[in-house]
Amino acid sequence: MGPLLRSETHKMTTIRAPWLVLGAAVALQAAASVLLVLGGTALSEGLRHDAAAQRMLLDPGDLAIFALVLGALVATTDHRHDTIVPTLLATPRRLQVVGAKAVVTAGLGLLTALAVGGTAVTLGLGLLALDGASLALGAGEVAEGWARAATVMVACALLGLGIGALLRNQVAAIVVPLVALAVLAPLAQFAMPDAHWFLPTGLEQILLERQAGAPIGAALAAGLLAAYAAGAVIAGGAVMARRDVV
Amino acid sequence: MPTITVEGVTKRYGATVAVDDLSFTAAPGRITGFLGPNGAGKTTTLGVLLGLVRADAGVARINGHTMRELADPAGTVGALLEHGGPHPGRTGRNHLRALALASGRDRGRVETVLGLVGLTEPADKRVAGYSLGMRQRLGIAAALLGDPQVMVLDEPANGLDPAGMRWLRGLLRGFADEGGTVLLSSHVLAEVAQTVDDVVVIGHGRCLAAGPIGELADADRSLEDAYLDLTADATAMR
């Protein structure tokens, strides 16, 4: 698995798209942090002394969609450019390829969380210091917020990989989850207020503590989200293992 | 003993039979031309041989093993297919490096094959800026990366200029003379006639003729004439 992991990592680090996605996530996080502090809102005022408001600033934003797109890129770039053929010629055992892609994808999810979280904390602390505010949060609380976001991003990246492996088409693998997020998730929340918590978007909300009234705790939500991710990867891998590629 | 053995391979796509109970062999030390009209089933057959397509019946083996059974796939078979190539945004060197990493080959081997195909100088340019001929050379470099015993090439002369075609002919002849097995699919019959030792001609997924090229073509009858006679039915029905 080692050589294949290095190969898949090399493939993703030697093209532009993953770096652009990661850069966009960091830029969005930076913009959100700056706007939060300079926005002139009640929340901005609260940042000076309120732990909950400071947590909003220092926790990574809800940017899991970027991790999902990265996962979709890992799965579909080979198909989009037909590089799946030389990949499978070098490694005909396809489940090994899927396994390596899953590990690389999880790493990209973690990298996204590190980049976004690092941006949030660095900018947040810097902006608070400039404003003369004192930190009302402990390091443990900041770390917990990052860990929750990292769990969501790793799971979403793997969901993206599974969806990409199932659909193969890169545009579809990115657009379908975006539509689900923008249209289906709000509809589900409206139509099934109790059940929507158990969808990936609901579990994400629980983990990121974005909504009150969750029926389950963070640990169970993390487990269920991991199960969704594992299911998507297994389904995508099973399809990829059987599919003709020329 | 043949290195490539295709035994009773059948592949259907819905109601269409792409390959129909096809059997042939390719021997070491020889270049075997794999010929047939468009849609005859050549690419599908090569896909089955290389483990990229699942056969509905039959089996294709290299050195007695299916592709997925090979302990060192890259060291056993190198392939260049029309479908499949480098990412346009990646440099030639990085494309080969990714494949080398997957097959456990080192950077030195990447530089060796880049030199063999004459791409050392532009290796750090993105593939999007390569000509078709340069892409073919990069594909051939990828096929050679594992120092394989068998080469399977689908239209390798595409985009090559006359000097490139002569270079390719020399490369394949040298490979076969050292005991390697070459299975070569091409539409350029004049080039095939100069290159191959044996031919397998297929039409509608079935084997129409197989054997040494001398049995099919001679001074009185060119390979092109023999090929067109054999495939007249297959071509007429298209």
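Helix 5 of chain B supplies seven residues to the lining of the largest pocket, the largest share from any element. Helices (H or I, at least four residues) and strands (E, at least two) are DSSP runs, numbered from the N terminus. The model is predicted, so local features need pLDDT of at least 70 and side-chain atom pairs pLDDT 80 or more, while totals for chains, interfaces and linings use all residues. Residues are numbered from 1 along each chain as its sequence is written, chains are lettered from A and ligands numbered from 1 in the order written, and side-chain values use heavy atoms, without hydrogens and water.

The largest pocket has a volume of about 490 Å³. On a 1 Å grid over the protein atoms alone, a pocket is an open set of points where a 1.4 Å probe fits, with protein on both sides within 12 Å along at least five of seven lines; lining residues have an atom within 4 Å of a point. Among its 33 lining residues, Pro86(A), Leu80(B), Gly84(B), Gly85(B) and Gly139(B) are the closest to the centre. By class, this lining has 17 nonpolar, 11 polar and five charged residues. Here Ala, Val, Leu, Ile, Met, Phe, Trp, Tyr, Cys and Pro count as nonpolar, Asp, Glu, Lys and Arg as charged, and the others, including Gly, as polar.

Turning to the second largest pocket, its volume is about 350 Å³. Leu68(A), Pro177(A), Leu181(A), Pro200(A) and Thr201(A) are the closest to its centre of the 19 residues that line it. Helix 9 of chain A gives the largest share of this lining, five residues. The classes here are 15 nonpolar, two polar and two charged residues.

How values were computed. Points joined across faces, edges and corners; volume = space filled by probe spheres on them.
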